[in-house]
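Subject: Structure for your files

Hello,

Below is the structure I said I would pass on.

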Amino acid sequence: VMQMDPSTGLAKVLYRDTNTGGAVSRSKNGTLFVAERGLGSAIEELSPKRKVLANSFQGDPLDCVGGVVNDLMADSHGGVYFSVTGVKDSGVFYADAKGAVSQYGKNVPLANGIILSPDEKTLYVTNGATVYAFDVKADGSLDNQREFGKLQGGEGGDGSAVDQQGRVYVATGKSVDVFGTDGKFLGTIPGPQGLHGTFFGGKDKKTLF
């Protein structure tokens, strides 16, 4: 896991040996997690204390759910939502602060980009060209799955971001499609082929990378 300085374009290694680490997510409390995609896949906490949060589901290794751990989103309660692409029915999972993993949703086999709304009351998950939304309950469980929006700038939703007003930005492989909080398509930001992730950064968090 590397840290990049946008002002210089230079990066430095922060964490090694992450077992084919993929997406990372930092909670509002500052805890940093990584999705480990190699054999023996897991959700690992990197900071403030390095430890495995979750690596099993219903008593079996996480690998046994039938897909590849893809993206993740940390909440402010010590838990992590994560997507597993390739699960037959739904690849939407939640690991609570104690590492107990639960599965949610139906017909989301291509679950990929996953992001919480600023108030953490809504979870968005991409599934191909469709973006689904779930209501987040107080205990972190999910309910009320519904279609939120359809991608128009590309066909496959990937890494996603939200701004302070709650608008949703979804990487499509060649663009970033933008949706209002009501799911209305607001427009697309063209990008290079292979655009698979997007996020807000910089000191004021107003720059979209």
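The largest nonpolar core has 25 residues, and those that touch the most other members are Tyr81, Val92, Leu123, Val125 and Leu142. A nonpolar core here is a set of buried Ala, Val, Leu, Ile, Met, Phe, Trp, Tyr and Cys residues joined through side-chain atoms within 4.5 Å. Buried means under 20% relative accessible area, exposed over 50%, and partly exposed in between, with a 1.4 Å probe and protein chains only. Two or more residues each come from β11 (92-95), β13, β14, β15 (130-136), β16 (142-150) and β18 (168-171). β15 gives the largest share, five residues. Strands are DSSP runs (E, at least two residues), numbered from the N terminus. Apart from this core lies another, of 19 residues, among them Phe57, Leu62, Val69 and Val101. In soluble globular proteins, nonpolar side chains tend to be buried together.

Before going further, the ground rules. This is a predicted model, in which local features need pLDDT of at least 70 and side-chain atom pairs count only at pLDDT 80 or more, while totals for chains, interfaces and linings use all residues. Residues are numbered from 1 along each chain as its sequence is written, and side-chain values use heavy atoms, with hydrogens and water left out.

Back to Tyr81: leaving aside neighbours within four places in sequence, its contacts (heavy atoms within 4.5 Å) include Leu72, Met73, Phe93, Ile114, Leu116, Leu123, Val136 and Leu142. Asp71, Asp75 and Gly140 are also among them.

Aromatic rings come next. Rings of Phe, Tyr and Trp (its six-membered ring) pair if their centres lie within 6.5 Å; planes under 30 degrees apart count as stacked, over 60 as edge-to-face and the rest as tilted. By this rule there are eight aromatic pairs. Phe82 and Phe93 are stacked, at 5.4 Å centre to centre with 15 degrees between the planes. Phe82 is in strand β10 (residues 80-85) and Phe93 in strand β11, eleven residues apart. Both Phe82 and Phe93 are buried. Tyr169 and Phe200 form an edge-to-face pair, 5.1 Å centre to centre and 85 degrees between the planes. Tyr169 lies in strand β18 and Phe200 in strand β21 (residues 200-201), so this pair ties together parts that are 31 residues apart in sequence. Tyr169 is buried at 10% relative accessible area, whereas Phe200 is partly exposed at 22%. Tyr124, Phe148, Phe179 and Phe185 form one aromatic cluster.

There is also an open sheet of four strands, antiparallel, in the order β3-β4-β5-β6. β3 and β6 stand at the edges with a single partner strand each, so one side of each has no neighbour in the sheet. From one strand to the next the twist averages 30 degrees, taken between lines fitted to C-alpha atoms, with angles from 0 to 180 degrees between N-to-C directions. Strands pair if DSSP finds at least two bridges between them; β5 and β6 have three, in the antiparallel sense. Glu45 stands opposite Lys51 in β6.

Lastly, some backbone details. A cis peptide bond, with omega about 10 degrees, joins Ser47 and Pro48, and Pro48 lies in the loop between β5 (42-47) and β6 (51-54). Asp17 is not a glycine but has a positive phi of about 55 degrees; Asp17 is exposed, at 72% relative accessible area. Glu120 also has a positive phi, near 60 degrees, but Glu120 is buried, at 11%.

Regards
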